[in-house]
Amino acid sequence: MKDGEFPGAPPHPSLVEKDPAVIKNVDERVLYEKESQQWVFERKEEEHTVEYVYNFIVQQWVPRPDLQSQKENDESVNKQEIKKVKKEKIQAMKDEIQRLRNAEKSSAPSTSGVFVSKLPSDVTSDELFEIFSKYGVIAEDFKTNRPRIKLYYDQGQFKNEALVIYHNKESVYLAIDMLDNSKIRSSKESEPIKVEPAAFSEERDSEKAPSRVLTAEEKQLLHKKKEMLKQKVSSWDDEDPSAVAGRAEQIRQRIWKKSLVIENMFRVEELKNDKYLESDIIEDIKSECDKYGIGSSVTKVSFFDVERVVVVRFDSIEAASQCRSAFDGRYYDGLKIHAREYAGEKFSSNHKIIGRNEP
């Protein structure tokens, strides 16, 4: 058997996917199987016809395994794959448990206050109370009985900044998730406000109770105020479950809308074998977003080879929506991609898992 009797090397299946027309230039004795993505060549040897497939790893034509050998090989591969999947699932569960533990530690608020900036020049404490009290009980000042909301001024000029102190630290991130980068007024002239954890010293910025010994009357008044505050917290926590669920769903939707799922942007084998492919795709995504002025809005890009998706996280809903319009239905490296809004599902790869509530 001489090498010259075999056809030359056919084009790689990835090239066929990009441009099916390349098949026209291949030796007419060679057939391309689309389902298996293999090139097949039949060759007569003595009284039998032998099928060969082109192996791109060894770069030569090799005999196609018979059905029985292929079946036995598939069964062996399936058993190994099942063991591998089991190990991956166990490891994934361990990784998820550890991730949740780490997230719980890192997400614990270190402050009970939020710092608000970019406020309207005519905003009032009462207006802020009405807005921010939707997400938790606002603490009260011991001396004035007023909500602990402080507007910042510089030589009499309002700085468009404020401090809001909650009774519970958990309310901080709830307020941030719902109000950060949102408009508190419906007018077109109003700008989105900025809401972030307050970085301040409790000893310096909080209003202290008098250091002198309290009278019996003052102690009774203080006790009464504490009981009233407890009732407020209890009533806020025990409100209609449907209302609480609705608010939680709003928060989830707002977070999810900042993430974009791009399907079919890469081939699994190429991603596995090309160590530069991830960085190339990330660079291409940011470069395309730069055309629309939203490249700097990309905060994270994650790859999940099991589902063949790329998840792109933005710092705003508007940027994610604009990117979706730009990417959906276009072609990338010969693949037609689909871009959609993240819907809370889980994606996985060898060592990364995306949780339901954090894309």
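The legends below describe close-up views of a predicted model. Local features are given where pLDDT is at least 70, side-chain atom pairs count only at pLDDT 80 or more, and totals for chains, interfaces and linings use all residues. Residues are numbered from 1 along each chain as its sequence is written, and side-chain values use heavy atoms, with hydrogens and water left out.

**View 1. Strands β1 (residues 30-33) and β2 (residues 38-45) are antiparallel and joined by 4 bridges.** Leu31 stands opposite Val40 in β2, and in the hairpin, which has 4 residues between the strands, Gln37 takes a positive phi near 55°.

**View 2. Helix α10 (residues 317-327) has buried residues, namely Ala319, Ala320, Cys323, Ala326 and Phe327.** These residues lie on the same side of α10 because they cover an arc of only 125° around the axis, the arc being that of the directions from the helix axis to the C-beta atoms. On the other side of α10, Glu318 and Ser325 are exposed. Buried means under 20% relative accessible area, exposed over 50%, and partly exposed in between (1.4 Å probe, protein chains only).

**View 3. Ser316 caps the N-terminal end of α10.** A side-chain oxygen of Ser316 lies 3.2 Å from the backbone nitrogen of Ala319, while just after α10, Gly329 takes a positive phi of about 85°.

Note on methods:
Helix = DSSP H or I, 4+ residues; strand = E, 2+ residues; numbered from the N terminus. Pairing = 2+ DSSP bridges. Polar contact = N/O pair within 3.5 Å; in protein donor to acceptor, adjacent residues only side chain to side chain.
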